[in-house]
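I am opening a notebook on this structure and will write down what I look up, entry by entry. I begin with a term that I need for a pair of helices.

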Amino acid sequence: MNRTDYFVLFATILAIPLYGLWRTYGHPNLRQYLKGDHSIRWGTIGLSVLATQAGPITFLSMPGQAYESGIGFIQNYFGQPFALIVVCAIFVPIFQRMKVFTAYEYLGQRFDTKTRLLGSFLFLVQRGIAAGITIYAPAIILSALLGWDLNLTIWLAGGFVIAYTVSGGTKIVSITQRYQIMVILVGMAIAFGIAVHRLPADLSFGNALEIAGKMGKLHAVDFSIDPSRRYTIWSGILGGFFLSLSYFGADQSQVQRYLAGGSLRASRIGLLFNAIVKVPMQFLILLLGAMVFLFYQFEKPPMFFNQPTYQRAIERGYGPQLTALQSEFDDVFIRKRNSIQAMPKASAAESQALTAQVQELDAKARTIRDNTRKVLEQSGANPKSKDSDYVFITFVLNHLPHGIIGLLVAVIFCATMSATSAVLNALGSTTAIDIYRPLVRPKASDHHYVVATRWLTAAWGLVAIAVASFASLVENLIEAGNILGSVFYGSVLGLFLVAFFLPAVRGSAVFFAGVIAQTLVLLLFFTSNIGYLWYNVIGCGSVVIVAWIFQRTLFRNDRLLAPQT
Amino acid sequence: MSGHDHLPIFGTWRNAYWFAIAAFALEVALLYAFTLRFS
């Protein structure tokens with residue numbers, strides 16, 4: 001990165017929050033601080049929801065995912081439109097009608113204080129840790145590749161977010177997210193254009209897609225019912241629906257986004273906007289990864305993208321093994337490139353033979369990369385995340401023009417800041433509204449709660465930075481983030497489903513069902529090795545079934561008690 | 001007061017939800033056509 005890049009980077013990441021601070025300057029009351037005002041319309045809500053979900057991992061890892069395994073990952077988003085429709089039809093009108101600040105406040109109104117505390121506690125634990133990972137994951141990759149100090153990078157991403165989120169509350173989060181997601185989309189579109197432009201001049205876009213397809217990178221939809229297939233339309237619709245319903249219905253960091261402004265119509269249109277644009281957006285990000293893959297069929301890629309780890313292994317005396325693998329890799333690359341270059345002009349029969357040859361060489365290259373990883377692990381160089389996470393950022397740093405590099409690094413920072421600000425805003429609000437107000441100071445003034453929410457938001461920001469500082473203890477960060485969500489989401493969603501669909505069930509039954517379900521999921525997490533996406537189903541299903549049984553047996557006399565408000 | 005007492009129905013938003021589902025179905029159809037063309 002040169003001076004132009006640094007100028008673009010800092011101008012972009014500073015200008016948006018400064019504009020947000022200017023727009024939100026003043027002394028908001030509690031409602032304004034937690035929900036914003038009526039100037040927040042559906043477009044802002046829609047972009048804000050989009051930005052909250054699309055964290056830095058999306059833009060760092062997704063292209064790398066397509067580079068490694070193709071664009072089939074798109075199917076994981078197929079359940080989301082259905083989940084968003086359910087949230088629009090059932091969750092949003094109830095939250096809006098009850099005029100709640102947080103989703104868990106609704107649990108207090110429908111059940112009792114202890115159920116409200118259980119829901120908010122599970123959210124705070126899960127999101128507090130996840131916020132740290134959101135800051136740490138891009139920081140470790142950027143600091144490794146750019147040579148920045150890790151702690152400085154964490155504070156650069158985290159410190160500034162704390163400052164503006166504390167100052168402006170929900171409104172500044174919504175305003176900044178609107179512009180941050182615009183920068184992200186423009187940056188990714190430019191990267192896509194350059195990746196296509198940098199392909200050989202005699203290769204048309206159509207030919208490029210043909211080659212990527214023949215190499216197995218463009219298999220977007222798979223109707224197979226084979227359970228061993230990782231991504232199919234069925235697992236995407238079923239698993240994706242469940243995960244999305246938990247995330248959009250029971251996670252305050254999203255609930256706060258679509259309740260901003262207070263208009264039912266704006267919330268619904270904003271969510272339906274996401275139901276329509278999410279799949280095309282993810283498709284283009286994955287297709288960008290496929291284009292980067294194709295680019296690296298003509299331009300030799302590093303054998304291992306995480307170069308700092310690779311260099312550490314050489315310094316530890318593993319140079320000879322790695323050099324042998326490198327010369328093997330170079331040979332495979334040249335033979336593969338020659339075959340690919342011959343493909344567009346080949347006859348049908350020749351093309352078939354070339355395709356088989358290219359696929360065989362590609363499998364060989366993959367084996368060499370796997371062997372490289374094993375050598376790196378033996379050396380103790382300890383790569384902290386998958387090598388595919390380094391693919392896109394390596395392409396950006398090595399092959400994009402100056403200025404655009406700065407913009408793309410700003411994209412990663414914008415994604416980190418937008419996702420983190422939404423989470424901190426939700427953590428501060430939930431702690432203030434669901435814990436501090438009912439348990440510590442029940443009858444204080446509006447102004448007091450605004451000040452308390454600000455302090456609590458800042459405190460959660462410091463917790464997130466502390467988690468980020470210790471996150472290096474976790475082996476695979478991105479996987480850890482996904483597992484963490486799945487371990488807690490199911491039980492929380494179960495509380496809400498019981499609230500909506502089992503009117504006879506009261507507070508004690510659902511509370512103890514929630515505790516038992518969460519304990520069961522934690523036990524399974526520590527003692528079994530079932531796929532983590534199942535924790536959602538097990539947690540949610542357990543709450544619903546156990547609450548229903550408890551209400552009909554242990555707590556049947558609880559039926560006549562009026563729910564607390 | 002319980003939110004469940006007034007559990008909303010799809011109501012006047014029914015058409016908007018159908019529109020979102022139709023858009024999604026079109027997206028999947030296009031992705032499938034893309035898969036058939038380039039795989």
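**Entry: a pair of helices.** Before looking, I note that an angle of 65 to 115 degrees between two axes counts as roughly perpendicular. I keep in mind throughout that this model is predicted. I looked up helix α3 (residues 42-53) of chain A and helix α8 (residues 150-197) of chain A, and found that their axes come within 8 Å and cross at roughly 70 degrees. Therefore α3(A) and α8(A) are roughly perpendicular to each other. On the α3(A) side of the contact I listed Thr44(A), Leu47(A), Ser48(A), Leu50(A), Ala51(A) and Thr52(A), which meet Ser174(A), Gln177(A), Arg178(A), Gln180(A) and Ile181(A) in α8(A). Sorted by class, this contact has four nonpolar, six polar and one charged residues.

**Entry: confidence.** For chain A the mean pLDDT is 88, and 96% of the residues score at least 70. Among the elements of chain A, helix α12 (residues 264-298) has the highest mean pLDDT, 94, while helix α18 (residues 477-501) has the lowest, 83. I marked residues 560-565 of chain A, where pLDDT stays under 50 and the model has 13 contacts beyond four places in sequence. Chain B averages 80, with 72% of its residues at 70 or more. In chain B I marked residues 1-7, where pLDDT is below 50 and the model has 14 contacts beyond near neighbours in sequence.

**Entry: chain B and its contact.** Chain B has one helix and zero strands, and of its 39 residues 21% count as buried. How many residues does each chain bring to the contact? I found 23 residues from chain B and 33 residues from chain A. The side of chain B that touches chain A is made up, by class, of 16 nonpolar, six polar and one charged residues.

**Entry: the nonpolar core.** The largest nonpolar core has 192 residues, and those with the most contacts inside it include Ile71(A), Leu286(A), Ala410(A) and Ala547(A). Helix α16 (residues 404-440) of chain A gives the most to this core, with 20 residues. I followed Ala410(A) and, leaving aside neighbours within four places in sequence, found it in contact with Val8(A), Leu9(A), Thr12(A), Ile13(A) and Val183(A).

Entry: Is Phe293(A) buried or exposed? Phe293(A) lies in helix α12 of chain A, and it is buried, because 24 other C-beta atoms lie within 10 Å. Not counting residues up to four places away in sequence, Phe293(A) touches Ala66(A), Tyr67(A), Ala212(A) and Lys217(A). Val543(A), by contrast, is 250 residues from Phe293(A) in sequence and 44 Å away in space, C-alpha to C-alpha.

Next I turned to Ile225(A), in the loop between α9 (205-214) and α10 (233-250) of chain A. Ile225(A) is exposed, because 10 other C-beta atoms lie within 10 Å. From C-alpha to C-alpha, Ile225(A) and Ser235(A) are 9.0 Å apart in space and 10 residues apart in sequence.

Last, I checked a backbone angle, knowing that most residues other than glycine have a negative phi. Lys99(A) has a positive phi of about 50 degrees although it is not a glycine. I placed Lys99(A) in the loop between α5 (80-97) and α6 (103-110) of chain A, and noted that it is partly exposed, with 13 other C-beta atoms within 10 Å.

Note on methods:
Residues are numbered from 1 along each chain as its sequence is written. Chains are lettered from A and ligands numbered from 1 in the order in which they are written. This is a predicted model: local features need pLDDT of at least 70, side-chain atom pairs count only at pLDDT 80 or more; totals for chains, interfaces and linings use all residues. pLDDT is the predictor's confidence in each residue, from 0 to 100. Helices (H or I, at least four residues) and strands (E, at least two) are DSSP runs, numbered from the N terminus. Two residues are in contact if their C-beta atoms, placed from the backbone, lie within 7 Å. Ala, Val, Leu, Ile, Met, Phe, Trp, Tyr, Cys and Pro count as nonpolar, Asp, Glu, Lys and Arg as charged, and the others, Gly among them, as polar. Axes are lines fitted to C-alpha atoms, for helices over the stretch in contact, and angles run from 0 to 180 degrees between N-to-C directions. Angles under 35 degrees count as roughly parallel, over 145 as roughly antiparallel, 65 to 115 as roughly perpendicular and the rest as oblique. A residue is buried if 20 or more other C-beta atoms lie within 10 Å of its own, exposed if 12 or fewer, and partly exposed in between; C-beta atoms are placed from the backbone. A nonpolar core is a set of buried Ala, Val, Leu, Ile, Met, Phe, Trp, Tyr and Cys residues joined through C-beta atoms within 7 Å.
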